[in-house]
Amino acid sequence: MIKILVVEDEKPISELIRLSLTKAGYSVSCAYDGEEAANILETEVLDLVLLDVMLPKISGFELMEYIAPLGTPVIFITAKNSLDDRVKGLRMGAEDYIVKPFEVMELLARVEVVLRRYQKTDEIFKVGELTVDTRSLQVLRGDELVDLTKKEWDLMMLFIHNPNVALYRETIYERVWGGEYPVGSRVVDLHIQRLRKKIGWEETLQTVNRVGYRLEI
C-alpha cells in the first residue's frame, strides 16, 4: 500500500487530508511539527510527503533539505498568497504544491499525478468481485475477462481512485472526456449504465440525486 506522510501543524487541515487520502486507499501518517516529521522519516520508508511550509521547531524548507537526498517526492502545502514560498519550494525540488484552502478533488488529483510520475501507484485494485490490473489493462469479474472501451476504463478508474466520494457529472465529464460538460447531455449517464452492467456495479456505483455518482465501498 502507498504510504504518505502529512506534515501540517493545523490539525483540522491535517485531519481533512488524512481522511481524504485514507478513503482513497492510501496509508497515511501525520506529523504536526518538523521535528516529529524528521523522526518519522528516519524510521519509515515513505512514497510521498505532503509538507507545510510554516511548521514549529523545523520549517518545511529546512525539512526539505533533509528529504531531498532520500529521493522521496514532496508536495508543498502553502498559503494562498505565498508565491515566493511556492517558487522556493519548487526550486528546492518539490514536485508540486497545494494552495490552502483547497478542494479534496484537487488534492487527490495532484497526489495521483506525482505518484504516477514516480511509478508508485498501486497496480492491482480489488472492488468486490472485480479485479483490475493496471499493468495489463485487464479487468476480471470473478474469473471472467471483461472487455471495456477506453472511456469505460477511464470512468472505472476515476471512481476507483475516488471511493465514497460523490462526483458531479460535470467533474466526471471534465476528467474523462475533457472540456466543458454540455448542458442537457446524457453521455455520462449512458456510459455509466453500460459500465454498471459490464462489471457488476449495479449496486456499488450509486446515483446521487442532483449531483452525479458515487462508488460505495
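Lys11 lies in helix H1, where helices (H or I, at least four residues) and strands (E, at least two) are DSSP runs numbered from the N terminus. The structure is a predicted model, in which local features need pLDDT of at least 70 and side-chain atom pairs count only at pLDDT 80 or more, while totals for chains, interfaces and linings use all residues. Residues are numbered from 1 along each chain as its sequence is written, and side-chain values use heavy atoms, with hydrogens and water left out. Lys11 has a relative accessibility of 53% and therefore counts as exposed; buried means under 20% relative accessible area, exposed over 50%, and partly exposed in between (1.4 Å probe, protein chains only). Lys11 and Ala31 are 20 residues apart along the chain, and their C-alpha atoms are separated by 9.6 Å.

Ser20 is also placed in helix H1, which spans residues 11-23. With 10% relative accessibility, Ser20 counts as buried. When residues up to four places away in sequence are not counted, Ser20 touches Val104, Leu107 and Leu108, contact being defined as heavy atoms within 4.5 Å.

Asp52 belongs to strand E3, residues 48-52. Its relative accessible area is 4%, so Asp52 is buried. Residues up to four places away in sequence being left out, Asp52 touches Val7, Glu8, Asp9, Gly60, Phe76, Ile77 and Lys100. Lys100 is joined to Pro101 by a cis peptide bond, with omega at about -5°. Pro101 is located in the loop between strand E5 (96-100) and helix H5 (104-117).

Two residues other than glycine have a positive phi. In Lys57, phi is about 75°. Lys57 is part of the loop between E3 and helix H3 (60-67), and with a relative accessible area of 62% Lys57 is exposed. In Leu137, phi is near 60°. The loop between E7 and strand E8 (138-141) holds Leu137, which counts as exposed at 56% relative accessibility.

The packing of helices is considered next. Two packed helices are described by the angle between their axes and the distance between the axes. Helix H6 (residues 150-160) packs against helix H7 (residues 169-176) at an angle of about 125°, and their axes are 10 Å apart. Axes are lines fitted to C-alpha atoms, for helices over the stretch in contact, and angles run from 0 to 180 degrees between N-to-C directions. H6 and H7 are therefore oblique to each other; angles under 35 degrees count as roughly parallel, over 145 as roughly antiparallel, 65 to 115 as roughly perpendicular and the rest as oblique. The crossing of these two helices, H6 and H7, is right-handed, a crossing being right-handed if the near helix is turned clockwise from the far one by less than a right angle, and left-handed if anticlockwise. On the H6 side, Lys151, Asp154, Leu155, Leu158 and Phe159 meet Ile172, Arg175 and Val176 of H7. This contact of H6 with H7 has five nonpolar, no polar and three charged residues. Here Ala, Val, Leu, Ile, Met, Phe, Trp, Tyr, Cys and Pro count as nonpolar, Asp, Glu, Lys and Arg as charged, and the others, Gly among them, as polar.

H7 also packs with H8, their axes coming within 10 Å and crossing at roughly 80°. H7 and H8 are therefore roughly perpendicular to each other. Arg169, Ile172 and Tyr173 of H7 make the contact with Val187, Val188, Asp189 and Ile192 of H8. By class, the contact of H7 with H8 has five nonpolar, no polar and two charged residues.

In soluble globular proteins, nonpolar side chains tend to be buried together. A nonpolar core is a set of buried Ala, Val, Leu, Ile, Met, Phe, Trp, Tyr and Cys residues joined through side-chain atoms within 4.5 Å. The largest such core has 27 residues, and Met156, Phe159, Ile172 and Trp201 have the most contacts inside it. Two or more residues of this core come from each of strand E6 (124-127), strand E7 (130-133), H6, H7, helix H8 (187-199) and strand E12 (212-215). H6 gives the largest share, seven residues. A second, separate core has 21 residues, including Ile2, Ile17, Ile75 and Ile77.

Thr207 is placed in strand E11, residues 205-208. With a relative accessible area of 43%, Thr207 is partly exposed. Thr207 touches Arg196, Gly212 and Tyr213, residues up to four places away in sequence not being counted.
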